[in-house]
Amino acid sequence: MAETKVVLPGDIIDTSLDSDEEESSVLRLGPGVAQIDEQVSAVAAGVLHSDNEKKQWWVVSNKRRYVPAEGEPVVGVVVARHGEGYRVDIGSAQGALLPLLAFEGATKRNKPNLAVGTVVYARVAVANSVMDPEIECYNSHTGKSEGYGELAGGFMFKCSLGLARRLIDSKAPVLNALGSGIPFEVAVGLNGRVWINTEAPATTVLIANAIKNSEFLDAKQCRQMVKELLEKQ
Amino acid sequence: MVVEIEPSNIEREFLLEALEKGIRVDGRGIYDYRTLKITCSPTYGLVEVQLGQTRVLARVTCEVTRPFPDRPTEGLVQFNADLSNLAAPGLDSSSGKPSVQEVAVSRMIERVIRQSRAIDTEALCILAGEKVWSVRLDLHFLDHSGNLIDAASIASIAALRHFRRPDVTIDGEEAIIHDVNERNPVPLSIHHTPICVTFGFFGSNGDLMLVDPNLLEEQVQVSSFTITLNSHREICALSKAGGVPLAPSLIQRCTQIALTKVDDINDKIQEALMA
């Protein structure tokens, strides 16, 4: 990719392609980019990314308020139980609905019983501007849980959405550096909530702080910070 | 309307489990205050305080008004707190009614500063029964991450000490207010600087104590207790609204801890005002 380009809402994005195959140019606009009249402009502040081959444009921005998008993993807290499902807070403007049957192996007779205040790891199933978001704790195609479900024990903390998005990358430097030193479980929700579990509370606090501190550090600084933290322990 | 979300069960359980081992969720020690950063702007009386992630902006302004007839030689001091959902999504100010938390913070600050007579109101008099200064303190909460009262008290004191009012000369029955460019403005006359230190109590009978609770700790605590001390080691106010009862020995212990904290905070304020 070329040099980083920072865009602000309203900035017009030059979508003319470098190659000459102009005829079949169907543009794919990702998050933070929208077509306004005849032009493509940014609707979020952040770094503009593009893929010329796939004709894609998107903006990587950092926010604290989550807007649900289909397919994203989220960590939520059960706030109420209704007849047909749970109301789960995922940090969005509207609480998400988690149907009772959206769990692995759930039937009408055999439903999971979650108390108010339980933390769940789920996937956003329905997200649009006119309906309340819906989440599910299983893959509706295979019927398997695939790691989703209730998160028992451990600790949950909040971080910015930008950090959460970087943490979900399997190459996230801070998680890799921590993982090579201490065993721990982690579940990253793209709604800016991270759940971690270790054997001792002191370790959990250490990991939580390391992750929160890594927000503005690059890979090398992350490794250095984790090294120092592990030595202090 | 957005309802404040209670902390989840695992956060609550983890906090208590860790605290029993003397560990806090943000890695601080039991008696550690969060990092305090005080920024004075070039404008007189405008100070921003950052206590961990909690941020408060204090603004002091003044105007000339007529005093109350029963207190003709005393100036006025007014307090106003603005706690909107800018600070935290759970807070709602759209109904127009001040929230319970907003009232609690502004009353506490008012009590701490006005009732401990921190400001010399007689020094605000220009012409007895005719004209006095009315000093107004506005508190804007920019980010809520727990312990608003301590942050607000530090911001208030720092802003009042940073503030300068226009100089006045009296010629018989006439008062001349000098422009700031014409004559150096004068600081307020402040008797002492009360600072709040808040403690949180945990466990079924409040036997686990910590200093400067953050937002999660504030939501889980069974009781909180605020001690206000000044730099002369005098207690200006105590506040304990509800919660489990505390032993007198515990309160004395809190006072001892608060003393050292208040000294540190006063040094920080002094440092920020000098810079």
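How many residues does the contact take from chain A and from chain B? In this predicted model, in which local features need pLDDT of at least 70, side-chain atom pairs count only at pLDDT 80 or more, and totals for chains, interfaces and linings use all residues, the contact (heavy atoms within 4.5 Å) takes 20 residues from chain A and 17 residues from chain B. Residues are numbered from 1 along each chain as its sequence is written, chains are lettered from A and ligands numbered from 1 in the order in which they are written, and side-chain values use heavy atoms, with hydrogens and water left out.

**View 1. Area buried between chain A and chain B.** The two chains bury about 1400 Å² between them, 67% of it on carbon and sulfur atoms, where buried area is the accessible area (1.4 Å probe) that two parts lose on being put together, summed over both. Of the area that chain A buries against chain B, 38% is supplied by Phe155(A), Pro201(A) and Val205(A), more than by any other three residues.

**View 2. The salt bridge between Arg64(A) and Asp143(B)**. The side chains of these two residues meet at 3.7 Å, N to O, and the count between chain A and chain B is one such bridge (a side-chain nitrogen of Lys or Arg within 4 Å of a carboxyl oxygen of Asp or Glu).

**View 3. Elements of chain A that touch chain B.** At least two residues each come from β7 (73–81), β13 (155–158) and α3 (201–213) of chain A, helices (H or I, at least four residues) and strands (E, at least two) being DSSP runs numbered from the N terminus. The largest share of this side of chain A, five residues, comes from α3(A).
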